Amino acid sequence: MLLTPNAMSPRLRWGLYSVTGLIALFLLLPIVFIVLLSFGSSQWLVFPPPGWTLKWYQQFFNNPEWMAAAFASLKVAVLTTIFAVALGLPTAFALVRGRFPGRDMLYGIFTLPMIVPLVIIAVAVYALFLKLGYTGTLFSFVVSHVIVALPFTIISIINSLKLFDQSIEDAAVICGASRIQAVFKVTFPGIRPGMVAGALFAFLVSWDEVVLSVMMASPNLQTLPVKMWTTLRQDLTPVIAVASTLLIALSVLVMFIAATLRRRNEARMPS
Amino acid sequence: MSAVIKDVAQQPQTLVCLRNLNKHYGDFAAVDNISLDIQDGEFLTFLGSSGSGKSTTLSMLAGFETPSSGEILVSGKSLVNVPPHKRDIGMVFQRYSLFPHLSVRDNIAFPLAIRKLAAAERNKRVDAMLKLVQLDQFAHRRPSQLSGGQQQRVAIARALVYEPRILLMDEPLGALDKKLREDLQDELRQLHRRLGITIVYVTHDQEEAMRLSQRIAIFSHGKIVGLGSGYDLYQNPPNAFVASFLGNSNFLRLKAQGNAVATFEGQLLSIRLTAGLQTGQDTLLMIRPEKAQALSVEQAAAQPLQTGWNEVSAKVGEVLFLGESQTCAVLTQGGTAMTVKALSAAGMPLKTGEQVRVRWATADACVYTQWAESDLNKAAGAH
């Protein structure tokens, strides 16, 4: 018996629907909550909000510190994305196409940052940069974020590279393209979904990263999550809810772009 | 003098030369010391089961695999150190391998764009190709919007547009259904005749090999075990492997009693004159099912055995009606299984359990003195 919605008794079906709904609610509620609070008029984050206002948004956009943090976040995330893709692309090629001893172990090493507790990586990177005198620089932010973003980029490029029929690249070569030309003209367009997904992942990882960033931050360079964290410790202002909302909004936007691209790509290549 | 010149002109020119070609992966010899001359303008097929070395040989021709040793010459020049993109060879792959992000037109134009051909010339050639493969109306579609047969035609156009001297085809019709495959086989044959290009074709489908090629090279365990026209290879297989690989065959185990006589289950048979046969030597006789006749006892009595023919007694096992033909499985007195095939129109009014006389012409049966037991049960087309 297949457990499809049509084959189920109505009671079981509605039972499943409500459980699913509850889980979705459980996952969404904090987000809905914080977004509503960012528009609430209460200074003390009272829920439900006594009234509605945009003044916290005004405060956020008029505060140079918040704006600097948002801009720093954007800058770090964009640079992290660029470097994660630039490094992830050749790595993925080596791990998929390469025939050398220790390849699988290398794959394990590259994906390790996904498993190792973030705080351990943070302490290690912090100790290193402290010694080198790089803490609080853009460089240290980007390097530490690339470390944790790279596994996501590599995995998503590897997945699309494995799906890409290499004989298409061979066809380009036999047609007269050098291997490098074939890779750029045929393989890259072919694995673009994976590259785009990898880039978006890298952006998102960096965009809401807080553990590493807290370690790397200095008074004159901090990202939005760090600014939220430090502000939170001093006072509980609804501006934090605004920052959260903007953080979430951009993440949702990025995911929406990813989903749209994926759907368009599936429409293009049905098989 | 003029006779000499004429003779030279008619002699087929060798275009590709494979000399003692080897490809080893560790201890495994994927291609084992192959030497082969491919004539200019011929349609040659590499036929073999998977793992027989046919695709590896093609891959070395294309340049995707480097030979472990040996030489590949095209017009006398070595190709071994020429990278694949400079070999000026066209290739059609099994899974079409079209560029999914480009339109049909841009797919076909790709080799010309890479060669930086002027736009006007490029368009002219692409148009000609689109017309050749009858895809003019589909020029702006993406490959995914085409059927399998159309995609393969695009792949062929893409491989021909830069006018390579050699076209390699690696099981290009394998993914298509039977009817479409036969249509495309006809198109390919016409294309070959019209363009005069040299085609090296790889397949495991012997019917396809027969339909398409002027010559067939049969691969087994990295070696070429048979080379010739489909007709010659079928009618006079050079060895028991080719006999059993191509089509169906009956094998009888004989003991030679001279150069033209042998005993089969104690009965004397005449065989083709074969030099160097020792008395008592184990010999293998191969008879194609359609070259043998099965006669009922009454028919046999009414038709005396002609000279140059043999006859053995057997019992009918099973009669199968296959549409245009009928097969009859029989068992000789000594327990050798044979199959006799006749056109349905000729009629074979036999019933299971009846006694029959199986006859064949001595000239139609091939004699082998060396064979491996494993050669004798290559089911037709199986791999």
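Two residues are in contact if their C-beta atoms, placed from the backbone, lie within 7 Å. With that in hand, let's look at where the chains meet: 19 residues of chain A are in contact with 20 residues of chain B. On the chain A side, helix 7 (166-174) and helix 8 (179-190) are the elements that give two or more residues, and helix 7 of chain A gives the most, with seven. This side divides into 11 nonpolar, five polar and three charged residues.

This is a predicted model, in which local features need pLDDT of at least 70 and side-chain atom pairs count only at pLDDT 80 or more, while totals for chains, interfaces and linings use all residues. Residues are numbered from 1 along each chain as its sequence is written, with chains lettered from A and ligands numbered from 1 in the order in which they are written.

Now stay in chain A. Helices (H or I, at least four residues) and strands (E, at least two) are DSSP runs, numbered from the N terminus. The axes of helix 5 (residues 118-132) and helix 6 (residues 138-163) of chain A come within 11 Å. Where these helices touch, residues including I121(A) and F129(A) in helix 5 meet residues including S144(A) and I147(A) in helix 6.

Note on methods
Axes fitted to C-alpha atoms, helices over the stretch in contact; angles between N-to-C directions. Nonpolar A, V, L, I, M, F, W, Y, C, P; charged D, E, K, R; others polar.
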